[in-house]
Amino acid sequence: MPTFKLDGREIPFEPGESIIKAAWRQGIEIPHYCWHPGLSAPANCRMCLVEIKPAPNQRPVMLDIVELDRATGEYKPVQKPKLMPACQMPAVEGQEVFSDSSQHVKEARSHVQEFLLLNHPVDCPICDQAGECKLQDYWLEHQGTQKRMRDEPIHKPKGVVFGPTIVYDGERCVMCTRCIRFMEEVAKDPVLEMRERGNLNEIFVAEGRKLDGNYTFMVEHVCPVGALTTQDFRFKARVWFLRSAKSVCQGCATGCNAYLDYDPRYNKAHRYRPRDNEAVNKFWMCDPGMLSYKRAHEGRITEARVGQKSRATKEALAEVKKLLGDVAPEHVAFVLGAQASLEDNWSLLALASKMGSSRLYWTGAPAGASDDILISADKSSNQKGVLALAPNAKPYSVLLDDVRGGVVTHVVALGSATPAAGADDASTLGMLRALVAIAAHDDGALTAIAHVVLPACSWAEAPGTYVNKDGLRQLSDKALEPIGASKPGWEQVAAVAKQLGHDLGIKRVKEIRAAWLGTEAAAHASPAEQ
Amino acid sequence: MAAFPKKPASPTNAVTVQYVDKTLTTQSYLPAIVKGLGVSMSHFFRNTKEMVLGKRPDPVTERLDPGITTISYPEQKRPYPQRFRGVHRLTTRLDGSPRCVACLCCSTACPAQCIFIEAGEYPEGDKRRGYERFPVKFVIDELRCIFCGYCVEACPCDAIRMDTGVHAVPYDSRDQFIYDKGILLSLTGVDGSRQTNNPRHEPGDKSHPGVDRLHHH
């Protein structure tokens with residue numbers, strides 16, 4: 001791989017790659033606003049200017065400028081090199097680039113930063129971006145001085161509602177056009193545009209349109225400043241109170257990588273942020289996915305239920321023993337959950353084999369809409385994983401047939417949602433003599449009709465492994481503390497097993513992982529799961 | 001005496017105590033009691049005389065002088081110093097709305113984590129919509145507060161102050177220490193004012209020096 005030198009450090013690059021991207025791959029940040037690794041480079045923020053040493057056979061391009069000599073108070077003519085935007089300059093073999101080590105670059109950054117902040121309202125206390133704002137970070141890093149303009153700043157529209165999800169503040173905008181380019185290049189819906197010039201620049205939505213569709217949240221995510229805020233997160237929390245957990249979106253089978261931002265003081269999830277993963281979601285997430293963090297709190301089952309009445313978990317487990325204690329194993333079906341983690345499913349499989357039942361089925365969320373960007377029609381986060389774990393598990397429709405045929409009379413199910421939503425499903429399930437559901441959410445036929453419901457942790461409350469539609473095994477970390485009486489699904493399964501006189505032999509998540517991955521992979525488990 | 005060890009030599013800075021001889025006068029205690037009573041009674045008569053004549057020295061400014069140093073709390077109260085940090089209050093704008101913009105700077109600065117704020121947005125059509133937010137809930141747990149004043153320091157809007165002159169109040173149940181927005185707004189400064197004396201010129205106000213936000217270029 002060819003290399004160039006950035007501040008004396010060898011940086012490898014792919015031919016044709018820009019300097020800033022090659023540096024970004026090496027974890028070196030050249031300050032920037034308008035450049036984004038997933039978007040085109042318009043080079044309009046001028047923050048990423050770098051000094052490039054001319055090739056030996058070229059004359060350096062020098063600019064004549066005047067500089068204030070503070071000792072004499074007079075301006076004297078000097079020369080400075082022409083600086084180049086690192087986002088536009090392709091890296092060249094053997095080229096020498098100066099970023100942090102060039103005084104000219106440092107000065108240019110400071111001046112660009114001062115320009116960008118000329119008309120900024122400096123309303124950081126009420127701005128949702130405060131704490132994760134590039135203007136704040138770069139002011140501290142590259143400017144550190146007050147602006148010299150003493151005029152009243154230009155006022156622009158504020159609180160403009162762009163659509164059902166996004167609010168725009170013209171005064172905070174630095175006109176990097178990332179939002180415009182995102183809508184055009186990634187969402188393929190060029191609904192945002194820029195109008196006017198210079199000080200009066202502003203972003204607007206095309207006439208007769210609203211900023212809607214399935215990728216509007218990303219517009220806020222790419223905004224380096226607080227100009228675009230989401231209606232959902234607006235004024236909800238200050239980001240410095242939040243902690244982030246590496247999570248995996250449960251909205252569909254794509255399994256987008258995300259940070260789940262939560263407030264540890266109130267044990268409350270506040271938002272998702274996309275987590276870069278070139279193999280899955282690149283830098284993006286869809287709107288339904290971004291909003292699916294709400295399922296950490298909405299529709300949660302927090303107490304055990306017996307006959308749809310809240311009970312202590314202990315009583316519910318005693319009821320399980322009564323229902324399943326002396327049933328012939330060939331009549332007991334085990335329904336794996338495509339929305340539950342591999343760990344939970346593994347423990348249910350272990351219980352099935354301990355009981356000697358080979359009646360395995362699987363259930364998941366009903367299919368939904370899809371597109372060719374990120375959204376998958378399969379709305380279960382772990383269908384691939386379940387089928388890899390139990391290749392002979394039969395689909396839910398077969399379970400219904402078997403129940404009708406009287407082969408299956410008792411069911412232990414993981415999860416609540418069912419793919420089919422037929423009218424006679426409920427009556428078919430009603431034929432069961434016992435239905436024990438271990439679920440986190442109360443959103444389907446299984447928990448609605450179950451004789452015993454045991455509360456499981458949602459994906460946000462327990463570490464779990466999920467396999468996406470491409471067969472990629474992804475780890476989701478624990479963010480929240482378990483809500484109510486809920487426990488990780490595999491713990492509830494182990495408790496059921498104990499009631500029925502079986503010992504699954506698992507006490508910790510890493511023991512489950514060791515069972516199917518081998519000890520080597522379990523040793524790499526992150527500290528949060530131990 | 002020989003059974004006791006010899007006394008160690010006195011250190012050089014030791015003070016020799018002069019014991020009073022044990023005589024009948026000292027051992028009966030009566031003269032000392034009469035003398036003590038005399039001091040008390042002389043204070044009593046002097047205080048009574050000063051009270052009747054209205055010449056009682058000020059307990060604050062003259063309390064270091066010889067004379068009375070006791071005040072009848074709570075009927076009489078010593079004035080607190082000007083910068084005394086008392087119970088919080090929320091200041092208001094001219095129109096009576098709270099100046100607080102719910103930025104949570106105070107609750108960020110608070111080392112006791114006693115401030116809870118829920119921010120809200122002004123309704124559609126309000127001139128402050130988009131510019132500001134306001135506290136839907138603003139709750140201070142005065143029982144948890146340590147009266148350090150960091151919240152006042154942190155406030156960018158001069159919206160929270162501790163100049164009520166009211167010191168931490170004892171209540172008989174814990175929930176009475178939870179001061180909500182209504183209580184905080186109802187408290188006044190020691191001078192009785194609710195507004196701040198730092199008026200802020202906002203775009204859109206007539207007092208604002210610059211370009212109006214409704215001004216079209």
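Helices here are DSSP runs of H or I with at least four residues, and strands are runs of E with at least two. On that count, chain B has 5 helices and 5 strands. This is a predicted model, so please take everything I say as computed from it.

Let me stay with chain B for a moment. Reading from the N terminus, its elements go α-α-β-α-β-β-α-β-β-α. Chain B has 217 residues, and 18% of them count as buried. If we take the contacts in chain B between residues at least 6 apart in sequence, 63% of them join residues at least 24 apart.

Now chain A. Its secondary structure amounts to 15 helices and 24 strands. The C-alpha trace of chain A spans about 100 × 50 × 40 Å along its principal axes. There are 530 residues in chain A, of which 46% count as buried. For contacts in chain A between residues at least 6 apart in sequence, the share that joins residues at least 24 apart is 66%.

In soluble globular proteins, nonpolar side chains tend to be buried together. The largest nonpolar core in this model has 143 residues, and the members that touch the most others are A:Val50, A:Cys179, A:Val219, A:Met285 and A:Val335. Which helix gives the most to this core? That is α8(A), with 7 residues.

Take A:Val219 as an example. Leaving out residues up to four places away in sequence, A:Val219 touches A:Ile166, A:Cys179, A:Phe182, A:Met183, A:Leu211 and A:Leu228. There is also a second, separate core, made of 26 residues, and its members include B:Leu104, B:Cys114, B:Cys151 and B:Cys157.

Back to α8(A), and to a helix it packs against. Helix α8 of chain A covers residues 342-355, and helix α13 of chain A covers residues 489-499. Their axes are 7 Å apart, and the packing angle is about 15°. Angles under 35 degrees count as roughly parallel, and α8(A) and α13(A) are therefore roughly parallel to each other. The crossing in which α8(A) passes α13(A) is left-handed. On the α8(A) side the contact is made by A:Glu343, A:Asp344, A:Ser347, A:Leu348, A:Leu351 and A:Lys354. On the α13(A) side it is made by A:Gly489, A:Trp490, A:Val493, A:Ala494, A:Val496 and A:Ala497. Sorted by class, this contact of α8(A) with α13(A) has 7 nonpolar, 2 polar and 3 charged residues.

The crossing of α2(A) and α3(A) is left-handed. From α2(A), the residues A:Arg109, A:Ser110, A:Gln113, A:Glu114 and A:Leu116 meet A:Leu135, A:Tyr138, A:Trp139, A:His142 and A:Gln143 of α3(A). By class, the contact of α2(A) with α3(A) comes to 4 nonpolar, 4 polar and 2 charged residues.

On to the contact between the chains. Chain B puts in 20 residues and chain A puts in 13 residues. On the side of chain B that touches chain A, α3 (105-109) and β2 (115-121) each supply at least two residues. The largest share of that side is from β2(B), with 3 residues. Its class make-up is 10 nonpolar, 5 polar and 5 charged residues.

Finally, two arginines in loops of chain A. A:Arg234 lies in the loop between β12 (228-230) and β13 (243-248). Is A:Arg234 buried or partly exposed? A:Arg234 counts as partly exposed, because it has 16 C-beta neighbours inside 10 Å. Setting aside neighbours within four places in sequence, A:Arg234 is in contact with A:Asp128, A:Val167, A:Thr229 and B:Glu121.

A:Arg59 sits in the loop between β3 (49-53) and β4 (62-69) of chain A. A:Arg59 has 6 C-beta neighbours inside 10 Å and therefore counts as exposed. A:Arg59 and A:Trp35 are 24 residues apart along the chain, and their C-alpha atoms are separated by 29 Å.

Conventions: Residues are numbered from 1 along each chain as its sequence is written. Chains are lettered from A and ligands numbered from 1 in the order in which they are written. This is a predicted model: local features need pLDDT of at least 70, side-chain atom pairs count only at pLDDT 80 or more; totals for chains, interfaces and linings use all residues. Axes are lines fitted to C-alpha atoms, for helices over the stretch in contact, and angles run from 0 to 180 degrees between N-to-C directions. Angles under 35 degrees count as roughly parallel, over 145 as roughly antiparallel, 65 to 115 as roughly perpendicular and the rest as oblique. A crossing is left-handed if the near helix is turned anticlockwise from the far one by less than a right angle, and right-handed if clockwise. Two residues are in contact if their C-beta atoms, placed from the backbone, lie within 7 Å. Ala, Val, Leu, Ile, Met, Phe, Trp, Tyr, Cys and Pro count as nonpolar, Asp, Glu, Lys and Arg as charged, and the others, Gly among them, as polar. A nonpolar core is a set of buried Ala, Val, Leu, Ile, Met, Phe, Trp, Tyr and Cys residues joined through C-beta atoms within 7 Å. A residue is buried if 20 or more other C-beta atoms lie within 10 Å of its own, exposed if 12 or fewer, and partly exposed in between; C-beta atoms are placed from the backbone.
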